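Subject: Structure handover

Hello,

Here is the structure I said I would pass on. My notes follow below it.

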Amino acid sequence: MSFSSAASLLDVALRPGAPPILDVGSTDVPPSWVAGHRDALRAVVLEHGSLLIRGLGLADPAGAAAVFRELTSDLMAEKEPFAPRSAYAPGVHSSTPWPPHQPMCMHHELSYTLEFPGLLLFACLTPPTGGGVTGVADAAAVLAALPPELVDRFERDGWQLVRCYNEEIGASVGETFGTDDRRAVERYCRDNAIEFAWQPDGGLRTRQRRSAVIRHPLSGLRCWFNQIAFLNEWTIEPEIREYLVDLYGADGLPFTTRFGNGDPIGEDVVQLLNDVYEAQTAREPWQAGDLLLVDNLRTAHSREAFEGPREVVVGMGDPIRLSDCAPTVEVRTR
């Protein structure tokens, strides 16, 4: 069955400003329903970049995990996280513990690693009382909307992620690398093209250079694929950024991004990126039991600020190597 004919079997609603939505009404055994429609569901995700499935009635992490496993045979363990998640099952996690009042702007999951998920799965067990939408944005459309000269520079130089680890903010060295053993951390960094330097106070500073534009290995689309805006210091709320600069110094922020040659990325560039993302964002408020599938290369995602409880279970599947995506910047491991 071809992707186009498989996708046509589903009655997917396509509305401006919203992700593709498939309302299945209800089903008694969600994993069985998903298994029977797997090819068609994945065809829609490949064609449109995302799909919100409504009516599955997912109510707990175990049920979500069972559905995830029907949609991908290869769920990934998270690597190099910024904040530790709770693990419900292998490859099944809580959403990132980010402060509810602070939005998480558009990004592609683990775009700074050498192997990242091709498919993201989000199951909403408890929707918030307000806000909390997981927005999506087409990465090919974002790339086309950016100024050509800016794209040219990022294609030529790539981007850098700079992290300074401490025990107060974000994931620790042990939580990020799975060990506190310095030799093991250094080995991981060398194997994954991460420059590192231990600081006099025992902290760790890392830097990794990656491509900002890649080519989707299945569709062939060129996509804007990175976390340049999300992890940049200018995306941090001003008062928090000022506090962090006072505490750690301008070069000691827990994370920031730069141009690939090390030049700082100005606030104007970050604002431009976020404005382009906003113009391309599609939204649909969460309902209890919803399942959102996202092609992590084709589609960026975000999380808006929210009120009340919000429980979203996350799966990361279909690992893809950066080397299979026509990177524009050479990556050298040891």
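I start with strand 2 (residues 50-54), which is mostly covered, as five of its five residues are buried. Please keep in mind throughout that this is a predicted model. The cover on strand 2 applies to both faces: Ser50, Leu52 and Arg54 are buried on one side, and Leu51 and Ile53 are buried on the other. Strand 2 pairs with strand 1 (residues 21-23) in the parallel sense, over three bridges. In that pairing, Leu52 of strand 2 is the bridge partner of Ile21. Strand 2 also pairs with strand 16 (residues 291-295), here in the antiparallel sense and over four bridges. Leu51 stands opposite Leu293 of strand 16.

A separate set of four strands forms an open sheet, with the order 5-17-8-15 and antiparallel pairing. Its edges are strand 5 and strand 15 (281-282), each of which pairs on one side only. Between strand 5 and strand 17 (residues 299-303) there are two bridges, again antiparallel. Met104 has Arg303 of strand 17 opposite.

On the chain as a whole: it contains 10 helices and 19 strands. Its radius of gyration is 20 Å, close to the 20 Å that the globule rule gives for 334 residues, so the chain is as compact as a globular protein of that length. Along the principal axes, the C-alpha atoms fill a box of roughly 60 × 40 × 40 Å. Of the 334 residues, 53% count as buried. Among contacts with a separation of 6 or more, 81% come from residues 24 or more positions apart.

Next, the rings. There are eight aromatic pairs in the structure. In one of them, the ring centres of Trp98 and Phe230 are 5.4 Å apart and the planes are at 45°, so this pair is tilted. Trp98 lies in the loop between strand 4 (92-94) and strand 5 (104-107), and Phe230 in the loop between strand 13 (222-224) and helix 9 (238-248), so the pair ties together parts that are 132 residues apart in sequence. Trp98 and Phe230 are both buried. Tyr165 and Phe177 make another tilted pair, with 5.7 Å from centre to centre and 50° between the planes. Tyr165 belongs to strand 9 (residues 159-165) and Phe177 to helix 7 (residues 173-177), 12 residues apart. Both Tyr165 and Phe177 are buried. Phe82, Tyr112 and Phe255 form one aromatic cluster.

Two arginines are placed over rings. The charged end of Arg241 sits over the ring of Trp234, 3.9 Å from its centre. Arg310 lies over the face of Phe306, at 5.6 Å from the ring centre.

Last, helix 8 (residues 182-191). Which of its residues are buried? Ala184, Val185, Glu186, Tyr188 and Cys189 are buried there. What do the buried residues of helix 8 pack against? They pack against helix 7, strand 10 (195-198) and strand 11 (204-210). At the start of helix 8, a side-chain oxygen of Asp181 reaches to within 3.2 Å of the backbone nitrogen of Arg183. Just after the helix, Ala193 takes a positive phi of about 55°.

Regards

Notes. Residues are numbered from 1 along each chain as its sequence is written. This is a predicted model: local features need pLDDT of at least 70, side-chain atom pairs count only at pLDDT 80 or more; totals for chains, interfaces and linings use all residues. Side-chain values use heavy atoms; hydrogens and water are left out. Rings of Phe, Tyr and Trp (its six-membered ring) pair if their centres lie within 6.5 Å; planes under 30 degrees apart count as stacked, over 60 as edge-to-face and the rest as tilted. Buried means under 20% relative accessible area, exposed over 50%, partly exposed in between (1.4 Å probe, protein chains only). A charge sits over a ring if NZ of Lys or CZ of Arg is within 6 Å of the ring centre and within 35 degrees of the ring normal. Two strands pair if DSSP finds at least two bridges between them. Contact means heavy atoms within 4.5 Å. A polar contact is a pair of N or O atoms within 3.5 Å; within protein, one must be able to donate a hydrogen and the other to accept it, and residues adjacent in sequence count only if both atoms are side-chain atoms. The radius of gyration is taken over C-alpha atoms; the globule rule is 2.2 Å times the number of residues to the power 0.38.
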